Amino acid sequence: MALFILKRLGNMALIMVLVSLAIFLLLELTPGSVATKVLGPYSSEEQRQIWLETHGYLEPLWVRYFNWLSNFVQGEFGDSIRFKVPVAEVLWPRLWNTVVLGFWTFAIIIPVSLVLGVLAGMREGALLDRSISVTSIITTSVPEFASAVFFSALFVFGLKWLPGTSTMNEGFDPLQLVLPVLVLVVYDFGYVTRMTRASMAEVMTTQYIRTAVLKGLPYRRVILKHALRNALIAPFTIVMLQINWLLSGVIVVEFAFAYKGFGALLLEAALNQDIYVIEACAMVAVFVAAATQTLADIGYTYLNPRIRFS
Amino acid sequence: MPERRKGALHPHIPELREKLRRGEIDRRDFLRTATLLGMSSAAAYVMAGLRPGQGVTSAAHAQTPKKGGNLRVSMNVKAITDPATYDWSEKGNLARHMTEPLVRINKDNIAEPYLAERWEASEDLKTWTFHLRKGVKWSNGDDFGADDVVFNFERWLDPATGSSNQGRFSSMTETIDTGKKDKDGKPVMSTVGSAGAIEKVDDNTVRFHLNRPDLSLPESMGDYPALIAHRRFSDEGGDLVKNPVGTGPFMLQDFAVGEKAVYTRRPESWWGGDVYLDQITYVDHGDDPSAQLAAFASDQIDTNYRTNIEQVDVMKSIPNLVNYETVTAQCGVARMKVTEPPFDNKALRKAIQACIDNDRILEVVYFGRGAPGEDHHVAPIHPEYAELPKLKQDYELAKKYLVEAGYPDGIQIRIDCVANPTWEQNACKAMAEMLKPAGIDLAINIMPGGTYWDRWLTTPLGFTSWTHRPLGVQVLNLAYRSGVAWNETSYANPEFDKLLDEAGTLVNVEQRRQVMAKLQQILQEDAIIHQSSWRSIFITAHERVKGIYAQVAEEHHYNKVWLA
């Protein structure tokens, strides 16, 4: 087991190094001078040259890559061109904000989806199953930007119940979190519900469940003790994948509600070609993706011993 | 060089007063020119028959201001480390509550004394003496004085600072040979401050010795990168956020780029008198205009930095909101690089010009809010603007020019423009539709702002937005004089430069207008730019916000704003 985990961690480290090289090269090939971005479009050529020289941009490419990589592993991600502060000062608070948003989103999605998915999967084809399935398909089909506009129109402009933006500029305000969480939950719960339903429905048709029912075990015990554990393997994978989605795929929601999260930071950095922020964000996103996959791999072995033994 | 005695009126002022009396110039022109020539703002307003502080465009409201409250403003919160390197007016707005300029451009587009109490120009406009306001205190307790001003100017003119003020005050710079050679063996030249250009006369007086007349020196001091930092700014870290020392009425309380900036009123009295707000809070809602709208709807903000033209009517639908509009000299120009084919072909440029209907573009793209452009970059609100015969759309003429240019079957061209604000790409789309009937196929390359500003000086055809500048000569000097840094068209015309030199020495607006008419004609005739409109700008505020206005350069002047 330890070897299995070590192998997975080794793979993760290798992926990180390869991705770091790819990101660095891609951003180096991006047209436009860093000096122009820092000094503004109206700076003179002489001023730009002086800046590039002072900040080590005239060094060879490989020297800059290794300097960047060695600084990166020590937690120094460079200075943001847009924010004019060390990247870490911007990155960690933004990442934390997205973690908060993701936590509340998951806190609602996971129980709701699992319960609805299991309920629907238990009685495949019944009215309850059809109702849950249709609702799930409809909510998942509506893109986040559309539901953001719809919920804003209803709760901000119409009923005037909720604040329209979620900048949290006067400290954490739970009310400001309602709309972003609502949009994310509505978009995502249907997907997890349907995966859980499909998995549950499949398990419910297996021989061992039929045997358990026929030998007279209480139905509640059959579901909780025998069906659920196997039915949770697919939703577990989906939930782990949703962590990646919540990290960098929430750009639309963060943008629409001016929520200062990781996705919005990545978007701002990309629009402003803020190279060091893009590099750091990309590395964090890749790390989270690789880490969740590693966790998922380890998690499978507990949910399904066959994977462990193979 | 003739110098006038202290306190004497500039010789041109009595003549100006006479012209105002005869109705040959309006009050705005009188105020602008009189203050430009060093007359105190209060005296100029009295001479013009107005109360000091009273606008020339609207009646003053007789309400008693109320103290207290927090003004919440929606605006991008950008880094404000060093005022000298600011490249966006939002940065100027964030710093302006702490650090102040020598001269401020007021709501009537007039340069008014600020940290400089008054100034005098020599008759040849090459020596300017600025008398600084006495009794102004920095927030660290130091006295404000000439050392601060000298420090800032020397720093601005140093190429290592990277300040756009070096171009703004180019009449105080010279180009020298550094003694180094570039990779091609050519001498490396450097632009530095001219020796002796900045003279400290005494603790409260600074004199500037220019190498050419510069009528717009006070106006340039009102631009946002010309905020005055403390004389030890560089020694104390060169970071306004970490060391927020200023002369302004507010002090920085909290700052997070991309999120918020909070200012509270300084406890000690401010040199400018009463300040009503307790706090100003800037909130960054990103680049999505609908987030700003939602923030207004749920009463999370009181005012904003800018209301996009598409949202002006939407704002009206939200109760208690008021839109403020001001006509500006802000515009966008589709400019052609005259050194790059195919735009080195004047007949082609004329063909493009003949296809464009500027009135129509203004109507379609900007809902008619502004004034149509005339392809010469001098605005009707510039004091020296000369009215020329209107340009007309004429496809027959366009086709003749195309034949002359060697493109009888038409031509494909491409314009680079930014994605936001959308009116800029919409202007390009309208142009493309107008060029089609003549056989000119205009492709539009829409790109993020950051990408466009990397190539704005080099692209053969680009759509560039230009901010407001109070004087027409300022714009022409910045953008169309041969060889200047921001000459994006690479236009070089000795006759034009000579006339521009002449215009820069003419204090008399009427005389300057006659020269400007020739300059405008030359630009229009050479068809190096297509400028569809002069645009109005808008802000929105809750009706409880009093004393607020949309300033021509989108500056925030909140020192006298109050909440009812």
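**View 1. Where chain B meets chain A.** In this predicted model, 44 residues of chain B and 32 residues of chain A make up the contact.

**View 2. Charged and polar links between the two chains.** Look for two salt bridges between chain B and chain A. One you can pick out joins A:K260 to B:D284, where the closest N and O atoms sit 3.7 Å apart. How many residue pairs are in polar contact between chain B and chain A? The count is eight, with both residues of each pair at pLDDT 80 or more.

**View 3. Chain B's side of the meeting place.** Several elements of chain B give two or more residues to the side that touches chain A: the strands β1 (70-74), β8 (187-193) and β14 (279-283), plus the helices α8 (289-297) and α14 (449-455). Which element provides the largest share of this side of chain B? That's α8(B), with five residues. Sort the residues on this side of chain B by class and you get 16 nonpolar, 18 polar and 10 charged.

**View 4. Chain A comes in two domains.** Now stay within chain A, which splits into domain 1 (2-73) and domain 2 (87-308). The C-alpha centres of these two domains are 33 Å apart. Where the domains touch, domain 1 brings 19 residues and domain 2 brings 17 residues. Together they bury about 1700 Å², and carbon and sulfur atoms account for 82% of it.

View 5. Zoom in on A:M12, A:M16 and A:L27. This trio supplies 31% of the area that domain 1 of chain A buries against domain 2, more than any other three residues.

**View 6. A salt bridge between the domains of chain A.** There is one salt bridge across the interface of domain 1 and domain 2 of chain A. The side chains of A:R8 and A:D297 pair up in a salt bridge, at 2.6 Å from N to O.

View 7. In chain A, α1 (2-28), α2 (34-39) and α4 (61-73) each give two or more residues to the side of domain 1 that touches domain 2. Helix α1(A) has the largest share, at 12 residues. By class, this side of domain 1 has 15 nonpolar, two polar and two charged residues.

Conventions: Residues are numbered from 1 along each chain as its sequence is written. Chains are lettered from A and ligands numbered from 1 in the order in which they are written. This is a predicted model: local features need pLDDT of at least 70, side-chain atom pairs count only at pLDDT 80 or more; totals for chains, interfaces and linings use all residues. Side-chain values use heavy atoms; hydrogens and water are left out. Contact means heavy atoms within 4.5 Å. A salt bridge is a side-chain nitrogen of Lys or Arg within 4 Å of a carboxyl oxygen of Asp or Glu. A polar contact is a pair of N or O atoms within 3.5 Å; within protein, one must be able to donate a hydrogen and the other to accept it, and residues adjacent in sequence count only if both atoms are side-chain atoms. Helices (H or I, at least four residues) and strands (E, at least two) are DSSP runs, numbered from the N terminus. Ala, Val, Leu, Ile, Met, Phe, Trp, Tyr, Cys and Pro count as nonpolar, Asp, Glu, Lys and Arg as charged, and the others, Gly among them, as polar. Domain bounds come from an automatic or database domain assignment. Buried area is the accessible area (1.4 Å probe) that two parts lose on being put together, summed over both.
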